[in-house]
Amino acid sequence: MLNDDFTPMEFVIAVLQELFGKDRESATQIMLKIHLDGRGVCGVYSQDVAATKVEQVLQAAQKAGHPLQATFEPVE
């Protein structure tokens, strides 16, 4: 996920819990990494699953009216 100055931190935490199966503590740590570093890793998946996760994040953000963005890239 990518940081922006508009999406509430609580929404990011909720997305991490609901779509990525993170517990509250892990979701909070990932959200803080995104907030501080501008981006953070939500999980490592096959390309198909990663693409689906990105689409789910974008749909949830759009539905909630937030500009949250997500991408996926290969692991090096």
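**Reading a helix pair and a ring pair**

The end C-alpha atoms of residues 1-71 lie 6 Å apart, and the span is 62% helix and 0% strand. Helices (H or I, at least four residues) and strands (E, at least two) are DSSP runs, numbered from the N terminus. This is a predicted model: local features need pLDDT of at least 70, side-chain atom pairs count only at pLDDT 80 or more, and totals for chains, interfaces and linings use all residues. Residues are numbered from 1 along each chain as its sequence is written, and side-chain values use heavy atoms, without hydrogens and water.

Q: At what angle do helix α1 and helix α3 pack?

A: Two packed helices are described by the angle between their axes and the distance between the axes. Here α1 (residues 9-20) and α3 (residues 47-64) pack at about 140 degrees, axes 11 Å apart. Axes are lines fitted to C-alpha atoms over the stretch in contact, and angles run from 0 to 180 degrees between N-to-C directions. The two helices are therefore oblique (under 35 degrees is roughly parallel, over 145 roughly antiparallel, 65 to 115 roughly perpendicular, the rest oblique).

Q: Which residues in α1 and α3 meet?

A: Contact means heavy atoms within 4.5 Å. F11, V15, L19 and F20 in α1 meet K53, Q56, V57, A60, A61 and A64 in α3.

Q: How many aromatic pairs does a search of the whole structure find?

A: Rings of Phe, Tyr and Trp (its six-membered ring) pair if their centres lie within 6.5 Å. The search finds one pair. The ring centres of F20 and Y45 are 6.2 Å apart, with planes at 45 degrees, so the pair is tilted (under 30 is stacked, over 60 edge-to-face, the rest tilted). F20 sits in α1, and Y45 in the loop between α2 (24-37) and α3, 25 residues apart.
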